[in-house]
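Subject: Structure handover

Hi,

Here's the structure I promised to pass along. Could you load it up before reading my notes?

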Amino acid sequence: MPIYLSIILIVVAAAAAGFICYKLGIKHRMQVAEAAIGSAEKEAERIVNDAVKEAEAKKKESVLEGKEEVQKFRNDAEKELNERRKEIQRQERRAVQKEENLDRKIENYEKKEVQLDGKLKKADDALKEAETIKKSQLEMLERISGLTADQARTYLLDTLDGELSHEKAVKIMEYEQQTKEDSDKLAREIISLAIQRCAADHVSEAVISVVPLPNDEMKGRIIGREGRNIRAIENLTGVDLIIDDTPEAITISSFEPVRREIARVALEKLVQDGRIHPTRIEETVDKARREVEATIKSEGERAVISAGVNGINHELVRLLGRLRYRTSYGQNVLDHSLEVAYLAGLMASELGLDPTIARRAGLLHDIGKALDHEIEGSHVDIGVDVARKYKESEAVIHAIAAHHGDIEAKTVIACLVQAADAISAARPGARKENLENYIKRLEKLEEITQSFEGVERCYAIQAGREIRVLVKPDVINDEKMTLLAREICQKIEAEMSYPGQIKVNMIRESRAVDFAK
């Protein structure tokens with residue numbers, strides 16, 4: 001047998017064996033697969049059955065839980081419903097009780113209304129009866145008295161007016177006496193304490209200054225050749241030099257105290273230096289003017305420190321220093337201002353007020369006098385303008401404006417400054433007074449008093465501090481004397497300006513004169 005045939009047979013046999021193996025493999029895999037599918041189907045069926053059983057169990061459990069929840073909700077709802085039902089029942093009972101109470105109250109009110117109507121009706125009847133009785137009684141009184149109601153009313157009012165005038169005068173006298181005693185006692189106590197704590201000794205100043213000279217030969221040197229030296233001094237200082245027979249002295253005369261002081265200082269320096277000629281006089285006067293300005297500043301600062309006030313504008317301090325060389329009726333104005341400041345502060349302390357404001361107002365109350373020779377107007381108006389310009393408080397400005405009574409004092413501080421100013425100016429030796437002004441004041445006092453009806457004679461005594469009034473006894477009775485004294489005092493206060501107080505002394509005297517024949 002040929003070889004290739006053997007090979008073909010082998011190949012065919014191998015192919016047949018392979019095909020058989022393939023078929024057997026496929027069959028085996030199919031058997032394995034069928035076995036696996038059957039096992040999976042059984043497992044799936046088991047799982048489904050378990051799931052169905054578990055679902056049934058859970059369903060039963062959920063149903064039971066739902067039934068329990070429903071039962072619990074039903075129980076809670078029934079419980080809440082019962083509580084609401086009980087609350088509604090309670091409210092219904094309460095409403096019924098309130099309704100019953102309201103019914104009872106309405107019934108009581110109706111009963112009271114009926115009773116009140118009855119009482120009102122009785123009251124109306126009684127009022128009508130009283131009116132009838134009153135009318136009949138008035139008619140009877142008119143027949144008995146012979147006067148009508150209007151005439152009787154007029155008669156009663158006239159009688160009552162006379163009685164009331166008497167009672168009014170008596171009461172006024174009693175109240176005035178009591179008030180005067182109390183106020184005088186308190187005022188004396190406060191003022192005496194203030195004066196006791198403020199010991200000031202001021203002397204009156206004149207309008208002249210005297211410069212001592214080492215010898216009379218110096219007078220000639222001061223006059224100079226043909227009077228050129230004395231003319232230079234007078235022209236530069238604005239004063240008058242009086243060179244008379246007074247040994248070793250020259251008098252400087254001027255109503256302007258600052259110029260007089262400059263002239264005095266300059267003249268003393270010239271006398272001390274000995275070189276007196278117009279050029280030297282001019283230099284010395286300039287130097288004296290600077291020294292006086294420095295003195296003015298230091299005096300103002302001293303016054304502010306002495307009064308115990310601070311925060312005053314430097315221009316006001318300078319004006320205060322100028323008051324050192326200003327006099328009023330011979331009284332130094334700066335010393336007077338300090339005294340007023342002390343007194344006002346002490347009285348304010350006694351009354352429980354702020355003494356700082358009182359001292360400040362007292363110190364500045366006459367500040368206008370530093371400028372009244374330069375500016376038109378009274379020193380009060382000038383002082384108010386200056387204080388307002390340099391930002392002083394309204395309390396201080398009002399006290400300055402009211403310290404002479406030009407306007408009504410509306411604060412206690414202003415009243416204290418008025419009182420302190422009067423005390424400082426009116427005390428003995430404080431001021432000089434012109435005889436003519438003194439006589440005019442007394443005549444004015446007597447003229448005011450004599451202008452009242454019923455005054456027979458009047459006399460101003462005790463330097464015008466008392467007015468003695470003699471009244472006509474047939475015109476002014478004892479009750480009217482009190483009213484007349486009050487009216488005289490009010491007119492004096494309104495029309496006159498005076499320090500301190502004026503006593504009005506009323507005298508009524510009845511005399512009966514007859515002759516035995």
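Below is what I found in it, going from the whole chain down to single residues.

First, the ground rules: this is a predicted model, where local features need pLDDT of at least 70 and side-chain atom pairs count only at pLDDT 80 or more, while totals for chains, interfaces and linings use all residues. Residues are numbered from 1 along each chain as its sequence is written, and side-chain values use heavy atoms, with hydrogens and water left out.

**Overall**

The protein chain has 14 helices and 8 strands; these are DSSP runs numbered from the N terminus, with helices being H or I of at least four residues and strands E of at least two. Of its 517 residues, 28% are buried, meaning under 20% relative accessible area, with exposed being over 50% and partly exposed in between (1.4 Å probe, protein chains only). Taking contacts (heavy atoms within 4.5 Å) between residues at least 6 apart in sequence, 62% join residues at least 24 apart.

Two strands count as paired if DSSP finds at least two bridges between them. Strand 6 pairs with strand 7 (residues 466–471) in the antiparallel sense, over 6 bridges, and Ala-460 sits opposite Ile-467 of strand 7. For the angles, axes are lines fitted to C-alpha atoms (for helices, over the stretch in contact), and values run from 0 to 180 degrees between N-to-C directions.

Gln-450 belongs to helix 13 (residues 435–450). With 37% relative accessibility, Gln-450 counts as partly exposed. Leaving aside residues up to four places away in sequence, Gln-450 touches Val-455, Glu-456, Arg-457 and Cys-458.

**Two helix pairs**

Helix 4 (residues 228–237) packs against helix 6 (residues 278–307) at about 30 degrees, with the axes 10 Å apart. The two are therefore roughly parallel; the cut-offs are under 35 degrees for roughly parallel, over 145 for roughly antiparallel, 65 to 115 for roughly perpendicular, and oblique for the rest. On the helix 4 side, the contact includes Ala-232, Ile-233 and Leu-236, which meet residues of helix 6 including Ile-281 and Val-285. The residues of this contact between helix 4 and helix 6 divide into 6 nonpolar, 2 polar and 3 charged. Here Ala, Val, Leu, Ile, Met, Phe, Trp, Tyr, Cys and Pro count as nonpolar, Asp, Glu, Lys and Arg as charged, and the others, Gly among them, as polar.

Helix 10 (residues 379–389) and helix 11 (residues 394–402) have axes that come within 8 Å and cross at roughly 170 degrees. That makes helix 10 roughly antiparallel to helix 11. Val-380, Gly-383, Val-384, Ala-387 and Arg-388 of helix 10 make the contact with Ile-397, Ile-400 and Ala-401 of helix 11. Buried residues of helix 10 include His-379, Ile-382 and Val-386, and the cover over the buried residues of helix 10 includes helix 7 (314–322) and helix 11. Just after helix 10, Lys-391 has a positive phi of about 65 degrees.

Cheers
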